[in-house]
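Me: I have a new model open on my screen and would like to learn how to read it. Can you take me through some features, one at a time?

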Amino acid sequence: MSSPFSINGGAAVAMVGKDCVAIACDLRLGLQALTVSNNFPKIFQYGDNVFLGLTGLATDVSTVSDLFRYKVNMYRLREERHIAPKTFANLVSSSLYERRFGPYFVSPVVAGLEPKTGAPFICGFDSIGCIDFAKDFIVSGTASEQLFGMCESLWEPDMVYLDAFFVMRGCLLIMMPEPRCALRDHITGAPQRRRPRCSLRLGRPRLHHREGQGHKAVAEGAAGLEGFRSGGGHRGSEGTNISVMAERAIYGVVTIGHSETPWSRPHQETSHQAQAPWELWQ
Amino acid sequence: MADRYSFSLTTFSPSGKLVQIEYALNAVNQGVTALGIKATNGIVLATEKKSSSPLADPSSLSKISLITPNIGMVYSGMGPDYRVLVDRARKVSHTGYKRIYNEYPPTRILVQDVARVMQEATQSGGVRPYGVSLLVAGWDEGILPEDEEGGEQKEGEKGEEGEKKAGGKTGGILKGGPMLYQVDPSGSYFPWKATAIGKSATTAKTFLEKRYTEGLELEDAVHIALLTLKETIEGEMNGETIEIGIVGPPADHLLGVEGVEGAVGPRFRKLTPQEIEDYLTNL
Amino acid sequence: MSKGLWAPRQPPSAWCWNLAWQAGHARAFRLKLQVRVASGQPELPPKQASWTELAKSINNHHPIFPHAFNATMEVLLGITGKDFTLIAASKAAMRGVTILKASDDKTRQLNKHTLMAFNGEAGDTVQFAEYIQANAQLYSMRNDTDLSPSALANFVRGELASSLRSRKPYNVNLLLGGVDPITHKPSLYWLDYLAALAPVPYAAHGYAQYYCLSILDKHHHPDITLVQGMKLLNLCTDELKRRLPIDFKGMIVKAVTKDGIVDMEIDNDKVVKCA
């Protein structure tokens with residue numbers, strides 16, 4: 001209960017598909033059972049095709065993500081190139097081990113595509129930088145057991161990227177509460193480990209990374225994924241965010257699941273309250 | 001008191017020169033000639049091994065050094081200063097790179113690190129500049145896909161891809177391939193296709209300008225290196241008196257292990273006296 | 001006292017500072033006593049107790065909450081609306097179950113458009129807040145321009161985060177509200193003593209979180225006016241008066257708008273009946 005790793009809560013998952021990777025996290029920031037914010041992203045981008053997921057103590061999520069922003073910016077200026085996922089993973093490892101006797105309370109996950117071959121790369125770490133290389137999936141955070149279960153049952157080798165998208169969606173939905181339950185876990189008694197909202201990124205190597213066609217790809221991707229939209233969320237920070245990374249660029253943000261706060265929901269009556277909260281302001 | 005007041009010995013003259021650095025360059029220009037030639041598939045570094053006495057054992061003398069498995073170095077100037085720089089280069093390639101990223105530094109990064117060491121000696125208190133110029137040769141892995149060389153630079157130039165040069169890899173952090181740098185006592189550094197440093201640098205460079213062609217293969221480069229050396233050398237040329245280092249294909253026989261999957265041998269290696277003799281007989 | 005920027009409403013007078021200093025020492029002395037009693041030995045506590053150990057020992061006393069200061073009865077509230085950010089703080093200065101002062105102002109103005117409210121350990125709070133205030137004002141003096149609320153929030157986070165891994169961290173929870181001087185967009189930042197930073201539409205600290213957040217979840221809307229914001233704030237304070245076991249002596253309410261920071265009238269004497 002008092003472990004720094006579980007004070008704020010949060011989960012992240014990364015998985016490999018055929019020539020693609022996906023990484024996802026929830027967006028909740030909590031204090032034990034209390035939800036403080038539903039817009040606290042835990043995935044950070046450090047290059048064309050490098051993503052870092054950070055779960056654990058929220059303050060360290062910010063500190064560590066800022067630290068790597070600094071380190072990767074310095075790397076880019078020094079070497080005049082983007083950092084490769086494998087190189088970045090080793091940087092994460094050595095940076096965390098530097099704090100061996102006063103660690104950051106985070107469990108990082110790295111996902112990306114190797115720039116030279118386009119091969120998918122994922123790995124996880126413990127808080128002092130021991131790397132866990134994986135060919136299939138990596139989970140981390142307070143819902144890691146649940147994510148392990150979902151991944152073990154849903155993951156299969158060589159998923160094309162839309163399949164991977166589906167599987168990731170399944171993994172994320174397990175973390176989300178029932179649509180009609182109240183908004184704060186402490187009121188509903190919803191299990192603490194159900195994380196309301198998530199964000200996901202999916203990567204695939206470039207097909208047409210050439211002039212002009214990137215935008216086309218983005219448009220196609222967003223349109224193709226429109227079918228997965230299942231909730232009423234309409235803002236980037238609402239519902240479950242799924243950013244699809246393909247063509248070594250972010251395809252677009254797709255929102256699935258339910259919106260969380262009343263003001264992101266279109267005017268509607270809730271079952272237990274005859275008077276809609278909006279009428280207060282009429 | 002010495003540690004309290006420590007002034008740099010390299011100070012500006014009224015005319016705006018740093019004469020200590022010019023003196024250091026004089027020391028370099030009295031040194032034994034060393035040269036480097038970049039080919040499409042590798043690099044050759046060559047120099048003469050001069051012993052002061054016929055009693056000296058030349059096999060113990062070594063002027064070309066391996067820094068990382070893919071990077072080697074040769075010098076002209078003061079031997080002891082060079083040894084210090086080799087030590088620093090080997091050390092910084094680990095502390096500043098291998099231990100952080102678990103891979104060896106690209107050539108330019110290592111060159112910058114060594115150049116920084118040399119520059120600091122021109123601005124720090126109580127030290128003198130290093131009396132050497134270096135030739136650093138290395139192979140970069142690159143990060144661009146093999147089939148899309150120059151993709152970053154050639155953006156918007158689609159359709160002209162058929163005009164790619166044969167051999168393709170011309171070095172650098174992005175594309176990968178061979179790189180050859182010269183580092184001077186001031187800490188400045190330059191990339192070269194082919195160059196020479198030391199006593200007969202001017203003669204050697206003139207010769208290289210005549211013999212160098214684009215699309216050179218490593219074997220030809222070794223040949224040209226020996227011909228250039230022959231122009232400037234004072235003593236006899238044989239496997240004992242000539243030293244050659246090459247950056248070429250991975251030398252898996254130097255790994256020391258067999259059957260390890262994914263293990264790649266060093267690209268930098270020094271030619272044995274026997275190999276040099278073989279080249280010389282074909283000259 | 002003038003309400004100008006360079007004359008903050010509560011200047012750190014020698015008296016205030018002395019009190020803060022004494023409070024800090026009193027805490028150190030109390031810690032020493034506790035250790036002595038616990039170990040039964042007249043030894044001093046280890047010089048460096050890491051903050052995790054501290055957090056752990058505190059957690060042992062509060063198994064439900066991560067830290068004692070999550071469970072403070074000092075109330076901090078923040079609400080953003082269409083063109084304003086409301087910050088409210090309870091007026092009671094407490095020490096244990098004793099109320100030392102009933103007109104405490106737990107806020108500091110950082111610049112024309114940014115206000116910070118704080119609670120936590122006595123001494124740490126004012127010390128840290130005025131340190132931040134001084135730095136924000138120094139920046140404004142040097143650069144002839146104010147830092148934006150988001151820049152300040154991240155500055156505060158940086159200071160709190162480095163303090164967290166120092167020998168003696170600050171135990172301060174903060175709400176930072178402001179209106180961007182250029183875009184006029186209102187913003188509110190929630191920071192806890194661990195330096196976790198979250199931008200939020202509405203926020204609370206202490207026990208108030210458990211009562212107010214669900215009310216705000218239900219009734220808040222990003223487009224509300226200042227009048228509606230005050231109405232919403234009253235819903236919260238009414239609930240606090242109804243449910244909190246202590247009298248927090250009413251609230252000080254301030255609104256940040258594009259024209260600066262204004263004190264808001266609130267009826268603290270309103271009696272709220274509890275069924």
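**Reading the model, feature by feature**

Reply: Let's begin in a loop: Ala195(C) sits between strand 8 (186–191) and strand 9 (197–199) of chain C. Keep in mind that this is a predicted model.

Me: What is the phi of Ala195(C)?

Reply: The general idea comes first. Most residues other than glycine have a negative phi, and most peptide bonds are trans. Ala195(C) is not a glycine, yet its phi is positive, at about 70°.

Me: Is Ala195(C) buried or exposed?

Reply: Ala195(C) counts as buried because its relative accessibility is 0%, and the cut-off for buried is under 20%.

Me: Which residue of chain A has a positive phi although it is not a glycine?

Reply: Take Asp19(A), with a phi of about 55°. Asp19(A) belongs to the loop between strand 1 (11–17) and strand 2 (20–26) of chain A. The relative accessible area of Asp19(A) is 38%, so this residue is partly exposed.

Me: Back to chain C. How many helices and strands does chain C have?

Reply: Chain C has six helices and 12 strands. Of its 275 residues, 50% count as buried. If you take the contacts in chain C between residues at least 6 apart in sequence, 65% of them join residues at least 24 apart.

Me: How do I read a sheet there? In what order do the five strands of the open sheet in chain C come?

Reply: Follow the pairing from strand to strand. The order is 5-6-7-8-9 in chain C, with antiparallel pairing. Strand 5 (107–111) and strand 9 of chain C are the edges, each pairing on one side only. From one strand to the next, the twist averages 20°.

Me: How many bridges join strand 7 of chain C to strand 8 of chain C?

Reply: Six bridges join strand 7 (residues 172–179) of chain C to strand 8 of chain C, and the two run antiparallel. To find one on your screen, look at Leu175(C), whose bridge partner in strand 8 of chain C is Trp190(C). Helix 3 (residues 124–143) of chain C packs on this sheet and touches strand 5, strand 6 (114–120) and strand 7 of chain C. The direction of helix 3 of chain C makes about 15° with that of strand 5 of chain C.

Me: Now the faces of a strand. Which residues of strand 2 of chain B lie on one side and which on the other?

Reply: In a regular strand the side chains alternate between the two faces of the sheet. In strand 2 of chain B, one side has Ile43(B), Leu45(B) and Thr47(B), the other has Val44(B), Ala46(B) and Glu48(B), and all are buried. That strand, residues 43–48, is mostly covered, with six of its six residues buried.

Me: What does strand 2 of chain B pair with?

Reply: Strand 1 (residues 34–38) of chain B pairs with strand 2 of chain B in the antiparallel sense over five bridges. These two strands form a hairpin with four residues between them, and Val44(B) is the bridge partner of Ile37(B). Strand 2 of chain B also runs antiparallel to strand 9 (residues 242–247) of chain B, joined by six bridges. There, Ile43(B) stands opposite Val247(B).

Me: What about helices from separate chains? At what angle do helix 2 of chain A and helix 2 of chain B pack?

Reply: Helix 2 (residues 85–97) of chain A and helix 2 (residues 79–101) of chain B pack at about 105°, with axes 7 Å apart. The two helices are therefore roughly perpendicular to each other, as angles of 65 to 115 degrees count that way. Thr87(A), Asn90(A), Leu91(A) and Ser94(A) meet Arg99(B), Ile100(B) and Tyr101(B). By class, the contact has three nonpolar, three polar and one charged residues.

Me: And the cores? Which residues have the most contacts inside the largest nonpolar core?

Reply: In soluble globular proteins, nonpolar side chains tend to be buried together. The largest nonpolar core here has 79 residues, and Phe88(A), Leu77(C) and Trp190(C) have the most contacts inside it. Leaving aside neighbours within four places in sequence, Phe88(A) is in contact with residues including Tyr46(A), Leu52(A) and Phe68(A). Another core, of 26 residues, lies apart from the largest one, and among its members are Ala221(B) and Tyr279(B).

Notes
Residues numbered from 1 in each chain as written. Chains lettered and ligands numbered in written order. Predicted model: local features only at pLDDT ≥ 70, side-chain atom pairs only at ≥ 80, totals over all residues. Heavy atoms only, no water. Buried < 20%, exposed > 50% of the residue type's maximum accessible area, 1.4 Å probe, protein only. Pairing = 2+ DSSP bridges. Axes fitted to C-alpha atoms, helices over the stretch in contact; angles between N-to-C directions. Parallel < 35°, antiparallel > 145°, perpendicular 65-115°, else oblique. Contact = heavy atoms within 4.5 Å. Nonpolar A, V, L, I, M, F, W, Y, C, P; charged D, E, K, R; others polar. Core = buried A, V, L, I, M, F, W, Y, C linked by side-chain atoms within 4.5 Å.
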